[in-house]
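Thanks, everyone. I have one model to walk through this morning. Please look at the screen.

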Amino acid sequence: MNFTDYEKVTILKKWMFLCVSACCLFCALGGCESINDYSTNPNHRLTFSVDTLSFDTIFSTVGSTTKQFMVYNPNDEALRIEMVLLANPGKNGFRINVDGRKGDTFRDIDVWKNDSLYVSVEVTVDPNGTVQPLVVEDSILFYVNGIRQSVLLQAYGQDVHLLKGGVTITRDTTFVADIPYLIYDSLKIAEGATATIEKGVTMYMHNGANLIVDGTIKVKGTQESPVTIRGDRLDDIKTSVLLPYDRTPGQWGGICFGSSSFENEFYHVIVRNGVTGLVCRESQPDRMKIHIRHSQITNMSKYLLLAINCHIEASDSEFSNATDSTVALVGGKYQFTHCTIASYNILTNRNRVTPCLVLSNRWVEGTYKTSYALQQAYFDNCIIDGGHSADSTNLYSGELWFDVEDENMSGNSGTFNYRFNSCFVKTARLSNERFVNNLFIHSPSYLKTGTKEDEYVYDFRLANKSVGIGNADRSISEKYPVDRYGVDRLSAAEGPSIGAYEYVYQKEAED
């Protein structure tokens, strides 16, 4: 339908008349209050959802996440806020937004009776030149009927080495533990270069950031001063329970060791809460890919350790909680000793299909298919456990999967050579000669199992009376005499225990 210009103008006038008439009728029925109809009583005051708005540690020069609080008028009359302002605008890095408006000072804001408004706050902290975090404070002041009220703003500022825009290390470099490192985008170790990370270093990885190793990385943490690689979110997720981002998987990318990377070392390292943990690309098993000792790799939103035709040795280490397989070994040569390989986390296991441990001699990636001989996959004094049921009627069920042709599941010395010695394996009971002195089906008991009461924290140390206490092969333990926490395995009254953690009697659990 086409209208003339005259008809268009006529329709517009009628529409405007109807809108004005409706507004007048609404006000006549009491739906509007006069803008001057507000209380002048000094006893009528505002209330706030918080007295202090606190930010977790903020990295210097990097803006914070936005936090909000509510301003309430609990009175039966409207209030006019004469002024809202930052006490020290431009000095401490805080920025505010009042009811959708940005600025430092706001005047004549009306809050109707029993109504509220939002105040949003951000902060950027300037470098402070110190190793320790610095407290930064300011206040938002509210003036109503000559009375001043305030909400305190508080943040901790932490200086960091900021690596942004995709940094590539092309020569031997040492990372020292003076202040933390914040990695945006990715950090790459080029082929031929060696990066040494000293004890006590913390690397905060921004969302999507990756550590790509084509050269060599040697991480030299100690029992007292481990190295930590984790996401950079230090605040909490707003849920029905207090859940830190640091306990939530998928906060950053992962660590990838390229085909040219060899002789890597992870000693006393904690890697947590990425998308993938350690990915070791196709390699040659005649050279050491990575040696992992006294470390924890945990809480990934995909797989946690994936290695393709590599040589890896791991001891006294925990590999735990992933949405995909926790440890997947395709071809190559591997030795795991006194390790805990477990997957229970409800935040990563909601849709988990793949068992905790996967052994295979073939790799499929898109249309690319190839075979790799599994020269050796030996597990001594290890725990392989998780939330899958160990169906006693099905061989190789539960948390163990052999991704090979059926006739090769029993193993052979050429293309599928595996062994489990003095381990707990969450699968049906097996009499295969490649399983020696193992425990099956019923899982160990742990100190913390990620329940709401445990604040979703997992502690895979063995609880009192657990399966696995004193069941380790002592001749193996003598070569690995202390556990991940430095506890002496050989002095235990029950004898050495399986897994990454030596059993220690928990007196409180018996009280």
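Start with one pair of residues. The bridge partner of Thr174 in β17 is Thr196. Strands here are DSSP runs of E of at least two residues, helices are runs of H or I of at least four, and both are numbered from the N terminus. Two strands pair if DSSP finds at least two bridges between them. β14 and β17 (residues 194–198) run parallel and are joined by 3 bridges.

Before going further, the ground rules. This is a predicted model, so local features need pLDDT of at least 70, side-chain atom pairs count only at pLDDT 80 or more, and totals for chains, interfaces and linings use all residues. Residues are numbered from 1 along each chain as its sequence is written, and side-chain values use heavy atoms, with hydrogens and water left out.

How confident is the predictor? pLDDT is its confidence in each residue, from 0 to 100. The protein averages 88, and 89% of the residues score at least 70. Residues 5–15 are below 50, and that stretch has 3 contacts in the model beyond near neighbours in sequence. A contact means heavy atoms within 4.5 Å. Residues 20–34 also stay under 50, with 6 contacts beyond four places in sequence. Where pLDDT is low, the predicted coordinates should not be read in detail.

Now the overall picture. The secondary structure comes to 3 helices and 47 strands. Of the 511 residues, 51% are buried. Buried means under 20% relative accessible area, exposed means over 50%, and partly exposed is in between, with a 1.4 Å probe and protein chains only. The accessible surface is about 24,100 Å², and carbon and sulfur atoms hold 49% of that. Those areas come from the Shrake-Rupley method with a 1.4 Å probe; for residues, only the protein chains shown count as cover. Take contacts between residues at least 6 apart in sequence: 61% of them join residues at least 24 apart.

Back to the sheet. β14 and β17 belong to an open sheet of 10 strands, paired in parallel, in the order β14-β17-β20-β25-β28-β31-β34-β39-β42-β44. Which strands stand at the edges? They are β14 (173–175) and β44 (435–436). Each has a single partner strand, so one side of each is left without a neighbour in the sheet.

Next, β25, residues 264–267. Are its faces covered or open? Both are covered. Asn264 and Phe266 are buried on one side, Glu265 and Tyr267 on the other. In a regular strand the side chains alternate between the two faces of the sheet. β20 (residues 216–220) runs parallel to β25, with 3 bridges. There, Lys220 stands opposite Tyr267. β28 (residues 290–293) also pairs with β25 in the parallel sense, over 4 bridges. In that pairing, Glu265 stands opposite His291.

Now an antiparallel case. β37 (residues 362–365) and β38 pair over 4 bridges. Arg362 stands opposite Ser371 in β38. The hairpin has 2 residues between the strands, and Gly366 takes a positive phi near 70°. Tyr368 sits in β38, which covers residues 368–371. Tyr368 is partly exposed, at 39% relative accessibility. Leaving aside neighbours within four places in sequence, Tyr368 contacts Glu282 and Trp363.

Lys67 is in β4, residues 67–73. Its relative accessible area is 17%, so Lys67 counts as buried. Where does the Lys67 side chain reach? To the backbone oxygen of Ser54, at 2.7 Å. The contacts of Lys67 beyond four places in sequence include Phe55 and Val119. Ser139 lies in β10, residues 134–144. At 18% relative accessibility, Ser139 is buried too. Beyond four places in sequence, Ser139 touches Leu85, Leu86, Ala87, Val151, Leu152 and Leu153.

Last, the cysteines. How many disulfides are there? The count is 0, where a disulfide is a pair of cysteine sulfur atoms within 2.5 Å. Cys256 is partly exposed, at 26%. For Cys382, the closest is Cys423, with 4.8 Å between the sulfurs, again too far. Cys382 is buried, at 0%.

Definitions and conventions
pLDDT = per-residue confidence, 0-100. Polar contact = N/O pair within 3.5 Å; in protein donor to acceptor, adjacent residues only side chain to side chain.
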